[in-house]
Amino acid sequence: MTTTNTEKTWRTICDSSDLVKDSGICALLVKDASEGSKGNEQRVEEQIAIFHLPNSEEKIFAVGNYDPIGKANVLYRGIVGCIADEPVVASPLYKQHFSLKTGRCLQEEQSIAVYDIRIENELVQVFY
Amino acid sequence: MNSDKQLLSKAKIVVVGNGMVGHHFVEEMAKNSDYEITVLSAESRLAYDRVYLSSYFSGKTAEDLALTTPEHYDELGVIFKTNAKVTNIDKLAKVVTTESGDSFEYDKLILATGSYPFVPPIPGGDVEHSLVYRTIDDLEAIQASADVSKVGVVIGGGLLGLEAAKAVKELGLETHVVEFAPQLMAVQVDGGGGRLLKTKIEELGVQVHTSKGTTKIVAGDKLRYKLCFSDDTELETDLILFSAGIRPYDNLAREFDLEIGARGGIVIDNQCKTSDDDIYAIGECALWNNFIYGLVAPGYNMAKVAVKDICGEEAEFTGADMSTKLKLMGVEVGSIGDAHAKTEGSLTYTYENQPEGVYKKIVVSADKTKMLGAVLIGDTAEYDSLLQYMLNAIDLPEAPEGLILPMAGDKPTLGVDALPDTATICSCHNVTKGDIIAAIDCGAVDVGQVKSGTKAGSGCGGCAALVKSVADNEFEKRGVEVKKDICEHFAYSRKELFDIVSVEKIKTFDELLNSHGRGLGCEICKPVAASVLASVWNDYILKKPHLSLQDTNDTYLGNMQKDGTYSVVPRIAGGEITPDKLIVLGQVAKKYNLYTKITGGARVDLFGARVEQLPPIWKELVDAGFETGHAYGKSLRTVKSCVGSTWCRYGVQDSMTMAIDLENRYKGLRAPHKIKFGVSGCTRECAEAQGKDIGIIATENGWNLFVGGNGGMKPRHGDLFATDLDDDTLVKYVDRILMFYVQTGDRLQRTSVWMDNLEGGLAYLQDVIMKDSLGITDALEEQMAAIVGSYQCEWKTTLEDPEALKRFQPFVNSDKSDSNIQFVTEREQIRPARGEEKIAVTFITEVESDTTEKEAVAEEA
Ligand code: SRM
Ligand SMILES: Cc1cc2nc3c(=O)[nH]c(=O)nc-3n(C[C@H](O)[C@H](O)[C@H](O)COP(=O)(O)OP(=O)(O)OC[C@H]3O[C@@H](n4cnc5c(N)ncnc54)[C@H](O)[C@@H]3O)c2cc1C
Ligand code: SF4
Ligand code: FES
């Protein structure tokens, strides 16, 4: 990657056929966090969990993959569902629920990042 | 909070002391926002759980013990100061002043100063390694001293002394307890109980010296100090821990003219007021009716009474029950009411079983109709019901001894219905049966809501079972079906779902949800549905429609470890393994650098495999003839066995062959919970079969079958189900029992709990299985045959399915691996790096704006 991507835009992650119905997959976002004009670039990796819930209103969600309570990159391996109509993922480690809409943890004061995501022409795209 | 403070009308409440009781007062008081509360704590930290102090030595940290945090007090709008010992009270100006000179005005003052350990004035006792056991700071001092000590002595063999002894033992020191009285726990336990307690505690490696008065402490010959006793004997030690009783912190009352008792303690009335109308005293510093309560529950009660009195509501403290149940170094001890039979004319019944280390005594009234007290050592199963008999003056059965005799036929059980509404159910939070009923009247619809509404069960937790049965009983009485709903998405129990799935021939979760559920499902109903679907149809569990239902352990066919890696546990039926296969395990572990351990289930576990490594690892294992061990599933785990008659000179049957056959027969069977078997070749029971769900012990004539044993949190021995069975009958019975369990067990119910919950218990199960009382045994056997016949190794199937293998790629758009998984080496093998050992990997945790995007936030190390 030569260009610095300070500008946020919709970027393609994978094919919609890579999604797993009612479950999660994980993607690695590699960003250039460039330090001004000197060109000493720093690359930053971010793991996101992408969930495909065809029976929900939004159908597709993207949140951070790091479980701030279990302190491991595991959230995409959690079971998804809803709690009082809020779509959630349950951490596979200690089972706390994180809202897929807001990233808020329903049991403890923690939250995870939420990303804008869409399916466009059979492609899964994230805005970053 | 600031705007609140400006309201001039707010009355000021100052609490001196932030121990357990002072904190409870604050929490109760803060519910009323008309007051400004200030707490002054002499300690360097806010309130923590003193009752669980000892757990500090078994791994709990100061944070774990904390009852509150500065943030929480801020939220409540409570002003607090630590290291703020109050040294002056000006009753006229209504001001208190701390050691450092800060002054605080009050309208009402609460003294919750608690007590301090009494250190008897023994000559030479005031030395460096002479310590007490009361605060977290004390614990730190004990730890530091233990690090440079070999032997520790606890002076005082009461309840706290024994707890302190446990701590000293856990710190790895040779431990002694020295008690002045002729027995341990003289306050709570009678002579007979004390004797047995001493034996049991000595068996645990703590040396007990009773009837020993310490006269002086001098320098030791071999160790740091020497205790000299009045009978001219001596004991050398490095560390001395005093636990010789407590004394109330009543110095403020003494100095500033509040009434105190002849032997100390701040005198309070039924409203917890001291001799000054605006000053209350609560907890261990308070003397009520000439008595100081050294327990938290009465203190909590006093706190509540004081709060109510301040708010102008009526309330009275009327004393408290001092019965206690505890586990001292693994020895169960219970003391209820008049344990010493001091009541005029009282009669006692005693049961003592020396070989098993059980002592039970009940004290009843002269006319044998009421329970007055009890002592239980070694087994406190009857504690709850005996306590209820006493507290509620319930009429005793004809033969009261039946209450403590083992196997007394129909043991009179005390139905919760028999309890009056005033019966205390949770003594920590003083919740009565009436309170629970009131909570249900106010709309609580399940036990969880009853608990959160009343706080019952949130203290020591000892009352949880009783709370549940009182609440369930109440729900049942109202015709409210006790909710066995597995979650908010399905108004059914696991058994009901099982019936729905089999009767309506439902094959997928979506079908089930559409026809009988609501919402999207969750991590509770999905795995239950998966287990039921697997039992009814025995489909390969990673088939597309089932895939998303499984817990990660089932999805990745391994147990997730704390760092997100997985464990690999191949099946080693019966624990028998050829040298060649053992070598393969070693080679695979070495090649993938996996941590290797023999498990408690007598097989080998390889830890630390990343998701992407699981398929290649399992490919090598499957190629070498291994199968999955289902260590991840709610399914058959291991059949533990001994070598039996093949090798052992005492073996009477071939337990090895039986174990391997059984393990191969039931492997892969999905159940409400995991299932373990044990097969022993003779009555010596080396395979610990009685501790397993299904236990089989060889006899001269065949096999004895035990059902419902388990280890774990609440160990239980299995019940003898049938004797001298031949091989075929044994397998037939086990088929039926397991299938019946699979169909009727509740979610996460081990066989023990399942059997106990069947109406009629063991006898009923024997009728169903051996006498076919329900006429279902043929069906059960057929279902089991179908499952046995369609077994497939889930790993083998997965490896052959490219679609399924896609799941094991960590990222959908990259070949990299997770950089947060890092290992370090310990004892020549890997282990997960701890936070502070990790090499920081830069990544952003949140994306908010363009600016934060550039600031790479290093992971919190
Ligand atoms: C690996 C092992 C410990 C070891 O280092 O030796 C182990 C490890 C775990 N045990 Fe265990 N147990 C292991 C033997 C036991 C035993 C001993 C035995 O089987 O004889 C017991 C007591 C016997 C019993 O089950 O009745 C045992 C009672 C438990 C319990 C409590 C069950 C209960 O009814 O109270 C749990 C919790 C649960 O299942 O809900 C548990 C849960 C676990 C879990 C699954 C906890 C978790 O979710 O991470 C651990 C993960 C296993 C893994 O990563 O592979 N483990 N566990 C043992 C694996 C045995 C095997 O070969 O499969
Ligand atoms: C090891 C151990 C095990 C126990 N186990 C049990 C059990 O199983 N069940 C049970 O019911 N009870 C148990 N207890 C007793 C229980 O902990 C006490 O009953 C309870 O802590 C009393 O609470 P309190 O708030 O009155 O006093 P404390 O918890 O002692 O708190 C008083 C606080 O006030 C502070 N203070 C004193 N003077 C001043 C001053 N002048 N200015 C400011 N602050 C001051 C003290 O430093 C202290 O922090 C146990 C106690 C110990 C030590
Ligand atoms: S006892 Fe079992 S569950 Fe607990 S830490 Fe050990 S292996 Fe894990
Ligand atoms: S009795 Fe301790 S929590 Fe209820």
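**Notebook: the two ligand shells**

I started with ligand 1 and found 20 residues around it; B:Gln561, B:Thr599, B:Gly600, B:Arg603 and B:Gly711 are the closest. I note that this is a predicted model.

Next I looked up polar contacts to ligand 1. The side chain of B:Lys597 puts a polar atom 2.8 Å from a ligand 1 oxygen. For B:Arg750, I read 2.9 Å between a side-chain N or O atom and an oxygen of ligand 1. B:Asn559 has a side-chain N or O atom 3.0 Å from an oxygen atom of ligand 1.

I then sorted the ligand 1 shell by class. I got 10 polar, 7 charged and 3 nonpolar residues.

I moved on to ligand 2.

Which side-chain atoms of B:Glu284 lie 2.6 Å from an oxygen atom of ligand 2? I found an N or O atom there. B:Glu43 also has a polar side-chain atom, 2.6 Å from an oxygen of ligand 2. At B:Val296 the backbone supplies the N or O atom, 2.9 Å from a ligand 2 oxygen.

On its own, ligand 2 has 1,000 Å² of accessible area, and the protein covers 92% of it.

Terms used:
Residues are numbered from 1 along each chain as its sequence is written. Chains are lettered from A and ligands numbered from 1 in the order in which they are written. This is a predicted model: local features need pLDDT of at least 70, side-chain atom pairs count only at pLDDT 80 or more; totals for chains, interfaces and linings use all residues. Side-chain values use heavy atoms; hydrogens and water are left out. A polar contact is a pair of N or O atoms within 3.5 Å; within protein, one must be able to donate a hydrogen and the other to accept it, and residues adjacent in sequence count only if both atoms are side-chain atoms. Accessible areas come from the Shrake-Rupley method with a 1.4 Å probe; for residues, only the protein chains shown count as cover. A residue is near a molecule or strand if one of its heavy atoms lies within 4 Å of it. Ala, Val, Leu, Ile, Met, Phe, Trp, Tyr, Cys and Pro count as nonpolar, Asp, Glu, Lys and Arg as charged, and the others, Gly among them, as polar.
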